[in-house]
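Please consult the sequence and the structure below while reading.

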Protein chains: 2
Amino acid sequence: MDQGISDRFGLAVLDPLDGQASSRSERRDQQVQRVLEAAKACFIRSGFKGASMQEICAEAEMSPGALYRYFPSKEAIVEAICEADRRDDASCFIGMLDNPSVVDGVVYAALHHIRHTHECNKTALFAEIRSESMRNPAIDLTCSRNISEVGKRFHQYLSAAVERGEIDPPVGFETLLPTIMAIGEGMALNDLPGRGVDMDQLEILLRAMVVGMLRPRTADVATNTD
Amino acid sequence: MDQGISDRFGLAVLDPLDGQASSRSERRDQQVQRVLEAAKACFIRSGFKGASMQEICAEAEMSPGALYRYFPSKEAIVEAICEADRRDDASCFIGMLDNPSVVDGVVYAALHHIRHTHECNKTALFAEIRSESMRNPAIDLTCSRNISEVGKRFHQYLSAAVERGEIDPPVGFETLLPTIMAIGEGMALNDLPGRGVDMDQLEILLRAMVVGMLRPRTADVATNTD
DNA sequence: AAAATATGAGAATGATCATTCGCATGAATT
DNA sequence: AATTCATGCGAATGATCATTCTCATATTTT
């Protein structure tokens, strides 16, 4: 954790081996990152409104004067944190949408998303972002952008499967997409693994659910009766 | 909205027809309710931390001194709001779990819950409660209590159907219950009706999903291929 | 090496917050 | 009618907040 950072004025002290590996702007980026990580910890612990700048300063081991060199306001930090989290969330889900079997693709993407949210301790931050987005237009925009990015990619993935006759959903995409995404959000937000739900069992249930919703034509679907 | 309440000191001024219909304790209850409703509006607008006591006082048209006669602290108001909201949420869902066909029961309960959340503008408050519960033990307890109450009732409803051979879920209740409840939460939190999702289409999709998850044995399930 | 610039600390600032206090008034009780 | 009690107002209080200011030190440039 403490990687020997910084004397009191720890400028350009990194890696003496590397000589001038840390230019000014690199150093700046590192400090920005340091603030963001400290802020994230504080926001998870205390919420956006509940975490004070002093708390963030303490976590980042940095004075207010120093911190304000990197961000003009608390709001800017909040926005940066939300942006990063939503982007990570979207790419985590989208990155899994590549299985040739659509049912598998959706199931694995959902499972991966749930696991990722659990393992990276993103549940509390996600809940915070979600509630902030209800009244903060800037955060709402960030969330909407990422939702629509996921939605677009998801739409491509599913409609290609419809085209080739692999699935035959009982409703149109305008219903299917928001609903599936809401379901995924609910499962991530509830931290099912954290509540003791077995992931193998969850996979079975998710598959049954997805099969019900997408109605695959192929026969590779378990139709056992007991 | 403004139902002719209160002169400046509006004590026992209600309903002159009724004579002493408003005893002291009845008047008290009304004032408590007035504070709660004002607080709810403020919390939806500004969040728990973001709403100030002054804001709540203004909304309730009451001075701080007066308000503190009814609640000892802001935290107490927050707890009362959460308690009421979660109770309402649970009873809304449980109240619909009475259909003799389990698939119908679950589908209608979910639809009703989604509609209720949408129509009563509960989405933002729910999100707020959810994020508060991640770091406030008192709120977490309130949420857990209601979740387990719903879970218990839901478990009864489903296990009775399993007993009589109506359904045959592919996984045990320890997986099925948390997952279904997480799904419902996700759909309510996403305010699907508010996002333009058609409720009739949603019913079709929900039914397909529930059928996939519960595997009813009876033949009353739509198995059309187009 | 001297000037200019970037970075930092930490006290100060003014706003805002939850809560309390002193006091006045209406209702209930004697 | 007099006293007591519940209710209410709104200014006051002390804490805390986000942000800024001053100044010191380090780094880069000249």
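In the class counts used here, Ala, Val, Leu, Ile, Met, Phe, Trp, Tyr, Cys and Pro are nonpolar, Asp, Glu, Lys and Arg are charged, and the others, Gly among them, are polar. The model is predicted, so local features need pLDDT of at least 70 and side-chain atom pairs count only at pLDDT 80 or more, while totals for chains, interfaces and linings use all residues. Residues are numbered from 1 along each chain as its sequence is written, chains are lettered from A and ligands numbered from 1 in the order in which they are written, and side-chain values use heavy atoms, with hydrogens and water left out.

**Surface near DNA strand C**

- By class, the surface near DNA strand C has 11 nonpolar, seven polar and seven charged residues.
- In total, 25 residues surround DNA strand C, a residue being near the strand if one of its heavy atoms lies within 4 Å of it; the closest are A:R27, A:Q31, A:Y70, B:M53 and B:Y68.
- Both chains supply helices (H or I runs in DSSP of at least four residues, numbered from the N terminus): α1 and α3 (64-67) of chain A, and α2 (53-60) and α3 (64-67) of chain B, each give at least two residues.
- The largest share, four residues, comes from α1(A).
- Sugar or phosphate accounts for 65% of the atoms of DNA strand C within 4 Å of the protein, and bases for the rest.

**Individual contacts with DNA strand C**

- A backbone N or O atom of A:G65 is 3.4 Å from a base oxygen of DNA strand C.

**Interface of chain A and chain B**

- Contact (heavy atoms within 4.5 Å) involves 47 residues of chain A and 47 residues of chain B.
- The buried area, meaning the accessible area (1.4 Å probe) lost by the two parts on being put together and summed over both, is about 3700 Å², of which carbon and sulfur atoms give 65%.
- In chain A, A:M134, A:R135 and A:L205 lose the most area to chain B, together 15% of what that side buries.
- The rule finds two salt bridges across the interface, each a side-chain nitrogen of Lys or Arg within 4 Å of a carboxyl oxygen of Asp or Glu.
- A:R135 forms a salt bridge with B:E128, their closest N and O atoms being 2.1 Å apart.
- On the side of chain A that touches chain B, α1 (24-46), α6 (123-133), α8 (173-189) and α9 (199-214) each supply at least two residues.
- The largest share of that side, 11 residues, comes from α8(A).

Notes:
A polar contact is a pair of N or O atoms within 3.5 Å; within protein, one must be able to donate a hydrogen and the other to accept it, and residues adjacent in sequence count only if both atoms are side-chain atoms.
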